[in-house]
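Work through these exercises with the model open beside you. Try each task before reading its solution.

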Amino acid sequence: MRNEDLVEQFREMKQRRERVTALTAYDYPTARLLDESGLDVILVGDSLGMVVLGYEDTTHVLLNEILHHTRAVARGVKRALLVADLPIHTYDTPEQALQTARQLIEAGARAVKLEGGLSHVAQIEAITSAGIPFMAHIGMLPQSVREEGGYKVKGRSREQAEALLADARAVQEAGAFSIVLEIVAPDTAKMISHAVNIPTIGIGSGNGCDGEILVTHDLIGLFPWFTPKFVAQEAHVAEQIRAAATAFVDRTRTPPCHSERNEVESRNPVAEA
Ligand code: KIV
């Protein structure tokens, strides 16, 4: 789909007050399950680095890693809009941003996202003027966590709120079809949502946005070592994995449970598909 058509489609969703639903995926089965659940957007986010690859933050993620996971996710997505993140230092110049965006599209994404507002207008314009659909990301920017010294709420002061509004207007002007607002003070997020005509998609930014995005591992409780305060979990998958693994260890170590069942019902994915 052309960028202009996607911008129009998302503007119309906002006019109809249809809230945008978005979750992350990094592998084929999750992508397929999310896609079948009717989500609007599936993001191969660079949160990949933390919740799948075990890095301390997203600043370690490499382009090859995002490309690898984007290819896997693309195989599972039929309906939703598949967006992929440009990792840190893969968009330092407009030329580099466009080259990275093209690689992500080649890997199966239909749109791309990078972190930054006014500071990155040249990069965003390079992407959108090449016809590549673009999702913006402003507010708390995880790729800047080291400079910032932590994940801090943005837009609490009047100056910060005005700066964020300027960012939002700039990315809209540069051709974005939607704007992720990460950990923005709820009043500011609401004010920005009223000021732009493309949907804002909040994460930890209150209920005044036009949609919501979450890291799937947070939503389903698959990364139990850290869950952001703003996440309302809908499942506790880590506990189920632990219980299943413990049951397996117990039954395998306890004769005669290492058993007929294992021998008779050997797994044949082709026959079961
Ligand atoms: O990387 C990611 O998962 C993201 C979302 C949290 C918005 O950018």
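The exercises below concern a predicted model.

**Exercise 1. Find the strands that pair with β1, and say how many bridges join each to β1.**

Step 1. Locate β1 at residues 20-24. Four of its five residues are buried, so β1 is largely enclosed by the rest of the structure.

Step 2. Look for strand β8, residues 211-214. Four bridges join β1 to β8, and the two run parallel. Leu23 stands opposite Leu214 there.

Step 3. Look for strand β2, residues 41-44. Three bridges join β1 to β2, again in parallel. The partner of Leu23 in β2 is Ile42.

**Exercise 2. Decide whether the two faces of β4 are covered or open.**

Step 1. Recall the pattern. In a regular strand, side chains alternate between the two faces of the sheet.

Step 2. Sort the residues. Ala111, Lys113 and Glu115 lie on one side of β4, with Val112 and Leu114 on the other.

Step 3. Check burial. Every one of these residues is buried, and both faces are covered. Strand β4 spans residues 111-115, and five of its five residues are buried.

**Exercise 3. Describe the residues around the ligand by class.**

Step 1. List some of the shell. The residues around the ligand include Thr24, Asp46, Asp85, His137, Glu182 and Ile203.

Step 2. Count by class. The shell has five nonpolar, four polar and three charged residues.

**Exercise 4. Which face of helix α9 is buried, and which residues are exposed on the face turned away?**

Step 1. Helix α9 covers residues 186-195, and its buried residues are Thr188, Ala189, Ile192 and Ser193.

Step 2. Look down the axis of α9. The buried residues fall within an arc of 140°, so they line one face of the helix.

Step 3. Check the face turned away from the buried side. Exposed residues His194 and Ala195 sit there.

Terms used
Residues are numbered from 1 along each chain as its sequence is written. This is a predicted model: local features need pLDDT of at least 70, side-chain atom pairs count only at pLDDT 80 or more; totals for chains, interfaces and linings use all residues. A residue is buried if 20 or more other C-beta atoms lie within 10 Å of its own, exposed if 12 or fewer, and partly exposed in between; C-beta atoms are placed from the backbone. A residue is near a molecule or strand if its C-beta atom, placed from the backbone, lies within 6 Å of it. Ala, Val, Leu, Ile, Met, Phe, Trp, Tyr, Cys and Pro count as nonpolar, Asp, Glu, Lys and Arg as charged, and the others, Gly among them, as polar. The arc is that of the directions from the helix axis to the C-beta atoms. Two strands pair if DSSP finds at least two bridges between them.
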